[in-house]
Amino acid sequence: MKKYCNYCGEPMEAGAKECQQCGWDISHNGPPSTDPGDNKARVGVAIGLVIAYATVAFMMQSTPAAARAAELPRAEQTTEATQYTSEPVAEPATAIGTVPATVTAVPVKPGKPAALLSVKVADTRSSSIAARDALQYSFEVPETDQKCRLVGSTKGVGGFGRSIEVFLLTDDEYVFWHANPAAIVNSSWETFRGSENTLDYDLPGPGVYHFVVSNEMSGTPQSMAVKAQVRCTK
């Protein structure tokens, strides 16, 4: 025979001490009732429990949404973007017989740069280049979504030899050429010759580059005015 709770009327296990639905202690039970009025009361209690459970469930579901709604204004607040300030540093040219100690680089700061990148590579009115020698200017382009170019000019101010060569090398190309500067230059860009040249090199991406003004082909010293700068655009 099935056993029913005397309080809520729900079925119970035969050996249960309490009702799993309402928690009624069966030690408080009186004689079983078959009065239709009692059955009606039990039905009313069951309906009340269902409504109570539904109310609690609704409150549990609505509480996170309310919390999120309260936090929404804070989430929508925007922080001020980190301002990028270019700090170009120009290092003197290094003779080909020595390895450069430093590389001119654009400082990298956290966050996306707010300003266009720009770095001065060379700016000299007269640089003397010994015979069978060269000057090289190293610089670095950081990770950026901007498109960068090396622009500028070279002009002879003493000697005006046609043997001057001007070229741009990647770091790997520079290592190969530095080991044998008399060899033919293996550059990814065009090599310019003569005392006057206009520079316009497209820089494909981040990395270390070497801008070289070479007097390797001449037996006499040369003096050159050199201007070079990295400029970037969106």
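Two residues are said to be in contact here when heavy atoms of theirs lie within 4.5 Å. In this predicted model, Leu168 touches, beyond residues up to four places away in sequence, Phe139, Leu150, Glu173, Ser187, Trp189, Tyr201, Leu203, Tyr209, His210 and Phe211. Several of these partners return below, in the description of the cores and of the aromatic residues.

**Overall architecture and confidence**

The protein has two helices and twelve strands, which follow one another along the sequence in the pattern β-β-α-β-β-β-β-β-β-α-β-β-β-β. Among contacts between residues at least 6 apart in sequence, 77% join residues at least 24 apart.

The pLDDT averages 76 over the protein, and 65% of the residues score at least 70. Over residues 65–87, however, pLDDT stays under 50, and for this stretch the model has 15 contacts beyond four places in sequence. Where pLDDT is low, the predicted coordinates should not be read in detail.

**The nonpolar cores**

The largest nonpolar core contains 27 residues, of which Phe139, Leu150, Leu168, Tyr201, Leu203, Phe211 and Val230 touch the most other members. Strands E5 (118–129), E6 (134–141), E7 (147–158), E8 (165–170), E10, E11 (207–214) and E12 (222–233) each supply at least two residues of this core, and E12 gives the most, with five residues. A second, separate core of seven residues includes Phe167, Tyr174, Trp177 and Val212.

**Aromatic residues**

A pair of aromatic rings is described by the distance of the centres and the angle of the planes. The model has seven aromatic pairs, and two of them are set out in the table.

| Aromatic pair | Centre to centre | Angle between planes | Arrangement |
|---|---|---|---|
| Tyr174 and Trp177 | 6.3 Å | 45° | tilted |
| Trp189 and Tyr201 | 6.4 Å | 80° | edge-to-face |

Tyr174 and Trp177 both lie in helix H2 (residues 171–179), three residues apart, which is about one turn of the helix. Tyr174 counts as buried because its relative accessible area is 5%, under the 20% cut-off, and Trp177 is buried as well, at 3% relative accessibility.

The pair of Trp189 and Tyr201 is edge-to-face because its planes stand at 80°, where an angle over 60 degrees is required. This pair links distant parts of the chain, with Trp189 in the loop between H2 and strand E9 (192–193) and Tyr201 in strand E10 (residues 196–203), twelve residues apart. Both Trp189 and Tyr201 are buried, and together with Phe139, Phe192 and Tyr209 they form one aromatic cluster.

**Selected residues in the strands and loops**

Ser214 lies in strand E11 and counts as buried, at 2% relative accessibility. A polar atom of the Ser214 side chain lies 3.2 Å from the backbone nitrogen of Glu216. Leaving aside neighbours within four places in sequence, Ser214 is in contact with Asp133, Ala134, Ser163, Ile164, Glu165, Phe167 and Trp177; of these, Phe167 and Trp177 are members of the second core.

Val151, in strand E7, is 77 residues from Ala228 in sequence, although the two C-alpha atoms are 5.6 Å apart in space. The contacts of Val151 beyond four places in sequence are with Leu199, Asp200, Lys227, Ala228, Gln229 and Arg231.

Arg193 is found in strand E9 and counts as exposed, at 56% relative accessibility. Beyond four places in sequence, Arg193 touches Arg162, Ile164 and Glu165, and its side chain makes a polar contact of 3.0 Å with the side chain of Glu165. Arg193 and Ser163 are 30 residues apart in sequence, with their C-alpha atoms 6.6 Å apart in space.

Arg132 lies in the loop between E5 and E6 and is likewise exposed, with a relative accessible area of 51%. Most residues other than glycine have a negative phi. Phi of Arg132, by contrast, is near 60°, a positive value in a residue other than glycine.

Definitions and conventions. Residues are numbered from 1 along each chain as its sequence is written. Side-chain values use heavy atoms; hydrogens and water are left out. Rings of Phe, Tyr and Trp (its six-membered ring) pair if their centres lie within 6.5 Å; planes under 30 degrees apart count as stacked, over 60 as edge-to-face and the rest as tilted. Helices (H or I, at least four residues) and strands (E, at least two) are DSSP runs, numbered from the N terminus. Buried means under 20% relative accessible area, exposed over 50%, partly exposed in between (1.4 Å probe, protein chains only). A nonpolar core is a set of buried Ala, Val, Leu, Ile, Met, Phe, Trp, Tyr and Cys residues joined through side-chain atoms within 4.5 Å. A polar contact is a pair of N or O atoms within 3.5 Å; within protein, one must be able to donate a hydrogen and the other to accept it, and residues adjacent in sequence count only if both atoms are side-chain atoms. pLDDT is the predictor's confidence in each residue, from 0 to 100.
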